[in-house]
Amino acid sequence: SPCGPCHRAVQGRRAMTQIYDRVALIGLGLIASSMFWAMKRNGLAGHVTGYARSAETRDTARRIGLCDTVCDNITDAVANADLIVLAVPVGVMGDSAKDISPFLKPGATVTDVGSVKRRVIDDVGPHIPDGVHFVPAHPMAGTEHSGPEAGFDTLFDNRWCLVVPAPGTPDAATDRVIDFWHGLGSNVDVMEPDHHDLVCAVTSHCPHLIAYTMVGVADDLRRVTDSEVIKYSAAGFRDFTRIAASDPTMWRDVFLSNKYATLEILGRFTE
């Protein structure tokens, strides 16, 4: 069995009943938007609030019916929420946690969707008040598109979500988050944070970095014209261009936040 101290698979049926009365989405991009539509599809939440720093994003969310209530300030979004999802770039998760900390109700659970876990635990953990639980998570799903209009309700179906509970988290809070992700359509594994970050450096972070760089090489190689790149692109290079179209702000934070594991894997790749 591959399961051990760093990794355990979680078996469970797909939850199709309400798991949280009130869910707050902080950040309204592709992942949060897809979570909302999947929650509504499967009846996982009674009421979903949303907040984004950009007024334009909030206006877009209201226009497309994203969230039951879109709030103009972060404190209103998290008030009385049972589950708070930090769906912002990894580099600002600590600031977001600090902003919401005084307004979290006892018994609530904070989770996230960042693709780096050690940095998130270190940045967010100190702002989680006593009586509030912290269960980091990472859905291994996405597209090259971003923003509230990019979400769809099947994004997580049969994809993996890695749950990385913070030390001391009660099993009941972790199990509830696992049930929630099952309900969104995901398969779930539980991992330790450092193992998670190494696995993702291999399977996600370095491939993205290579794709960004290869597309940059093609752009700089002026002897190859744009029409030739398009005309002769096989599926491999088309995949590179798709991956390299991903949100650069998010990926900048990912690379900086997981730099040691990324550098280790790049070193092996170079060798």
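Contact here means heavy atoms within 4.5 Å. The legends below describe close-up views of a predicted model.

**Figure 1. Serine 96 and the residues it touches.** Serine 96 belongs to helix H4, which spans residues 93-100. Leaving aside residues up to four places away in sequence, serine 96 touches Ile74, Leu86 and Val88. The relative accessible area of serine 96 is 10%, and buried means under 20%, so serine 96 counts as buried.

**Figure 2. The protein as a whole, for orientation.** The protein has 11 helices and 10 strands. Of its 271 residues, 47% are buried. Among contacts between residues at least 6 apart in sequence, 78% join residues at least 24 apart.

**Figure 3. The crossing of helices H7 and H11.** Helix H7 covers residues 193-220 and helix H11 covers residues 259-270. Their axes come within 9 Å and cross at roughly 65 degrees. H7 and H11 are therefore roughly perpendicular to each other. The crossing of these two helices is right-handed. On the H7 side, the residues in contact are Asp197, Leu198, Ala201, Val202, His205, Cys206, Leu209 and Ile210. On the H11 side, they are Ala261, Thr262, Glu264, Ile265, Leu266 and Phe269. By class, the residues of the contact of H7 with H11 are 10 nonpolar, 2 polar and 2 charged.

**Figure 4. The packing of helix H7 on helix H10.** Helix H10 is made up of residues 248-257. The axes of H7 and H10 are 11 Å apart, and the two helices pack at an angle of about 125 degrees. H7 and H10 are therefore oblique to each other. Their crossing is left-handed, whereas that of H7 and H11 is right-handed. From H7, Ser204, His205, His208, Leu209 and Tyr212 take part in the contact. Their partners in H10 are Pro248, Trp251, Val254 and Phe255. The contact of H7 with H10 has 6 nonpolar and 3 polar residues, with no charged ones.

**Figure 5. Tyrosine 20 and phenylalanine 180, an aromatic pair.** The structure holds 5 aromatic pairs. In the pair of tyrosine 20 and phenylalanine 180, the ring centres are 5.6 Å apart and the planes stand at 75 degrees, so the arrangement is edge-to-face. Tyrosine 20 is in strand E2 (residues 20-26) and phenylalanine 180 is in helix H6. The pair links distant parts of the chain, as its two members are 160 residues apart. Tyrosine 20 and phenylalanine 180 are both buried.

Figure 6. Phenylalanine 156 sits in the loop between strand E8 (137-139) and strand E9 (160-163), and tryptophan 181 sits in helix H6, so the pair ties together parts that are 25 residues apart in sequence. Phenylalanine 156 and tryptophan 181 are buried. One aromatic cluster is formed by Tyr20, Phe156, Phe180 and Trp181.

**Figure 7. Aspartate 175 in helix H6.** Helix H6 runs over residues 171-183 and includes aspartate 175. The relative accessibility of aspartate 175 is 38%, which means that the residue counts as partly exposed. From C-alpha to C-alpha, aspartate 175 and valine 163 are 9.8 Å apart in space. In sequence, aspartate 175 and valine 163 are 12 residues apart.

Figure 8. Most residues other than glycine have a negative phi. For cysteine 67, phi is positive, near 80 degrees. Cysteine 67 is in the loop between helix H2 (55-64) and strand E4 (69-70). With a relative accessible area of 8%, cysteine 67 is buried. Asparagine 80 also has a positive phi, of about 65 degrees, although it is not a glycine. The loop that holds asparagine 80 lies between helix H3 (74-78) and strand E5 (83-86). Asparagine 80 is exposed, with a relative accessible area of 54%.

Key:
Residues are numbered from 1 along each chain as its sequence is written. This is a predicted model: local features need pLDDT of at least 70, side-chain atom pairs count only at pLDDT 80 or more; totals for chains, interfaces and linings use all residues. Side-chain values use heavy atoms; hydrogens and water are left out. Helices (H or I, at least four residues) and strands (E, at least two) are DSSP runs, numbered from the N terminus. Buried means under 20% relative accessible area, exposed over 50%, partly exposed in between (1.4 Å probe, protein chains only). Axes are lines fitted to C-alpha atoms, for helices over the stretch in contact, and angles run from 0 to 180 degrees between N-to-C directions. Angles under 35 degrees count as roughly parallel, over 145 as roughly antiparallel, 65 to 115 as roughly perpendicular and the rest as oblique. A crossing is left-handed if the near helix is turned anticlockwise from the far one by less than a right angle, and right-handed if clockwise. Ala, Val, Leu, Ile, Met, Phe, Trp, Tyr, Cys and Pro count as nonpolar, Asp, Glu, Lys and Arg as charged, and the others, Gly among them, as polar. Rings of Phe, Tyr and Trp (its six-membered ring) pair if their centres lie within 6.5 Å; planes under 30 degrees apart count as stacked, over 60 as edge-to-face and the rest as tilted.
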